[in-house]
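Keep the structure in view while reading.

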Amino acid sequence: MADPLAGSPPDPDRPDREAAEGQPGGRDFIRSIIADDNRSGKHQGRVQTRFPPEPNGYLHIGHAKSICLNFGIAAENPGGLCNLRFDDTNPIKEEEEFVESIQRDVRWLGFDWGDRLFFASDYFEQLYEWALVLIRKGVAYVCDLSAEQIREYRGTLTEPGRNSPYRDRTVDENLDLLARMRAGEFPDGTRVLRAKIDMASPNLNLRDPVMYRILHATHHRTGDQWCIYPTYDYTHGQSDSIERITHSICTLEFENHRPLYDWYLDQLEIFHPRQIEFARLNLTYTVMSKRRLLQLVNDRHVQGWDDPRMPTLVGLRRRGYTPEAIRGFCDRIGVAKFNSTIDMHVLENALRDDLNRRAPRVMAVLRPLRVVLENYPADLVEELEAVNNPEDPSAGTRRVPMARELYIDADDFREDPPKKFHRLSPGAEVRLRYGYIIKCERVVKDPATGEVVELRCSYDPETRSGSQSTRKVKGTIHWVSAAHAVPAEVRLYDHLFLKPDPDQAEAGQTYLSNLNPDSLQVLTGCQVEPSLAEAAPESRYQFERLGYFCVDPDTTPGRLVFNRTVTLRDTWAKIEKSS
RNA sequence: UGGCCCCUAGUGUAACGGCAGCACGACUGACUCUGGAUCAGUUAGUCUAGGUUCGAAUCCUAGGGGGCCAGCCA
């Protein structure tokens, strides 16, 4: 079966709210700034953004917010462009694997950077030339202080720093030393190149920040060509400048660095992008920092970067999330400078919205309970017509086989039903979805354990779906034919953490103490309708009344494995819980 | 005990000195062969105190609360 919900590019006709609201500023403060710049002709109407990840880990839902913002803004503006640039200035942490996974993930999300794939490492030579310029201007110097000494000289948040004894070296001496640093004459950590700004600045980033450090490490792209590497702070602003980025959008923690980026750009007298900071995404019941995600993977709290419980894009993808749902979520949460935390249910509802419209419906029984229809002919098999998607008539119908022996979900039977329970119980009636009304006549129990093992029921032949029958019953349940159903494994997921804020841990404990021990529940012996036998990995379905499920890549020809992506909204669960 | 930034219904987010709005949630009800979806309705807010102004969520001052910064990480 073909994947009915493969990722597709963003709909170019997607109405952007700017038009919808008739607002000149539009939608969020960043778009307002850009609209203002367009009106004033600041960049002759040119809009160019960039998404600048470091290739040292997998992308997560927080990155998706940034990707949707940067690529989204480019798409909304005539001629707008968004570059993909890897900020690969630290060879020790970066790997080709991540360069590839990041590109896969951005593409999967539905965005395209055309021929504008860039690497900060492509600018190493230019950055070096600019370092020479700054030395010649007398605003950069080689410093022989150790890392520890530099820290001491930097001062503290409340006390000014002290000038390095190497601060007043001559231009020639600095030029010579930097050349020799580059030539590999000095061991790691023995010297750095620093900007000469202000050791008393209240902004610590301006206290003679390091521009280059000696690192005899092999870079994933430049190999052993360099043994000195520019710091991120010395690289980022100029990389944006080289790419003629008009609006350099980044997260709040870089706000304090903006004066430094401005300083480099002004000293160098090169194109000056405007940096705008926004609040990064926080989500309840999960963690988002690369450090923690890495720890969850390395310490085997999850099964890998693509574990369906992870907030990584590969994890969400394997869980069954669609690119459209993630984009819809990013649209919905807005962009601001307030440090907020979004409820996980907002993400889940964005998913339900998308899947509801598009996911084909099927029937599947997670915890099978055998039902025998005593008055149904033993050799009869009927083909019942079932609607594939009530939200989308063009999805058509399919045939579902029905016979004397069925499975229903154990949850749909209660021997001693609570009030308002509209499902099966001794003597009660329900409708089988697309089939007949049945009545529970008798309960068969295991004499040893007392466990209910089978229901003996009767069916009313006059009540077949589509017939003239006017009989109504309160409940409709899903089912499969025992003889035709296909066995499957189903993996149920819950929040990775027990608390909305996993950092809210007991004294002496870390966020790891809040890990949810039941975040994964594996159900074997599930029974799904036969149309699912050939379902392809990643294809997504609604199991009626249960939720959305997708085929896990662990699926092999003889073994179907589904992930529960998200449950349906469950009003009954709410009623039962509150009483 | 320094500097920068932030604070609007439960959660997010608009309102650019002029009617505090939207989304999601929650709660009602309608409809329903998915206790789904859909539809209708209800709920609830400008951190505090001063000031400027005809008029303040918006500007100013002070206070409160929160975030970031002392990597040769990004």
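**Salt bridges and packing**

Lys445 is partly exposed, because its relative accessible area is 36%, which lies between the limits of 20% and 50%. The model is predicted. A search of the whole structure finds 48 salt bridges.

**Charged pairs**
- Lys445 forms a salt bridge with Glu415, with the closest N and O atoms 2.8 Å apart.
- This pair links distant parts of the chain, 30 residues apart: Lys445 is in strand S17, and Glu415 is in the loop between strands S15 and S16.
- Glu415 is also partly exposed, at a relative accessible area of 41%.
- Glu544 and Arg433 form a salt bridge with their closest N and O atoms 2.6 Å apart.
- Glu544 lies in the loop between S23 and S24 and Arg433 in the loop between S16 and S17, 111 residues apart.
- Glu544 is buried, with a relative accessible area of 6%, whereas Arg433 is partly exposed at 27%.
- Asp87 and Arg85 meet in a salt bridge of 3.0 Å, N to O, and both are buried.

**The sheet**
- Seven strands form an open, mixed sheet in the order S10-S23-S24-S25-S21-S22-S11.
- Its edge strands, S10 and S11, each pair on one side only.
- Helix H13 (residues 344–358) packs on the sheet and touches S10, S23, S24 and S25.

**The helix contact**
- Helices H3 and H12 pack at an angle of about 75°, with their axes 9 Å apart, so H3 is roughly perpendicular to H12.
- The contact residues include Ile61 and Cys68 of H3 and Phe329 of H12.
- Seven of the contact residues are nonpolar, two are charged and none is polar.

How values were computed:
Residues are numbered from 1 along each chain as its sequence is written. Chains are lettered from A and ligands numbered from 1 in the order in which they are written. This is a predicted model: local features need pLDDT of at least 70, side-chain atom pairs count only at pLDDT 80 or more; totals for chains, interfaces and linings use all residues. Side-chain values use heavy atoms; hydrogens and water are left out. Two strands pair if DSSP finds at least two bridges between them. Helices (H or I, at least four residues) and strands (E, at least two) are DSSP runs, numbered from the N terminus. Contact means heavy atoms within 4.5 Å. Axes are lines fitted to C-alpha atoms, for helices over the stretch in contact, and angles run from 0 to 180 degrees between N-to-C directions. Angles under 35 degrees count as roughly parallel, over 145 as roughly antiparallel, 65 to 115 as roughly perpendicular and the rest as oblique. Ala, Val, Leu, Ile, Met, Phe, Trp, Tyr, Cys and Pro count as nonpolar, Asp, Glu, Lys and Arg as charged, and the others, Gly among them, as polar. A salt bridge is a side-chain nitrogen of Lys or Arg within 4 Å of a carboxyl oxygen of Asp or Glu. Buried means under 20% relative accessible area, exposed over 50%, partly exposed in between (1.4 Å probe, protein chains only).
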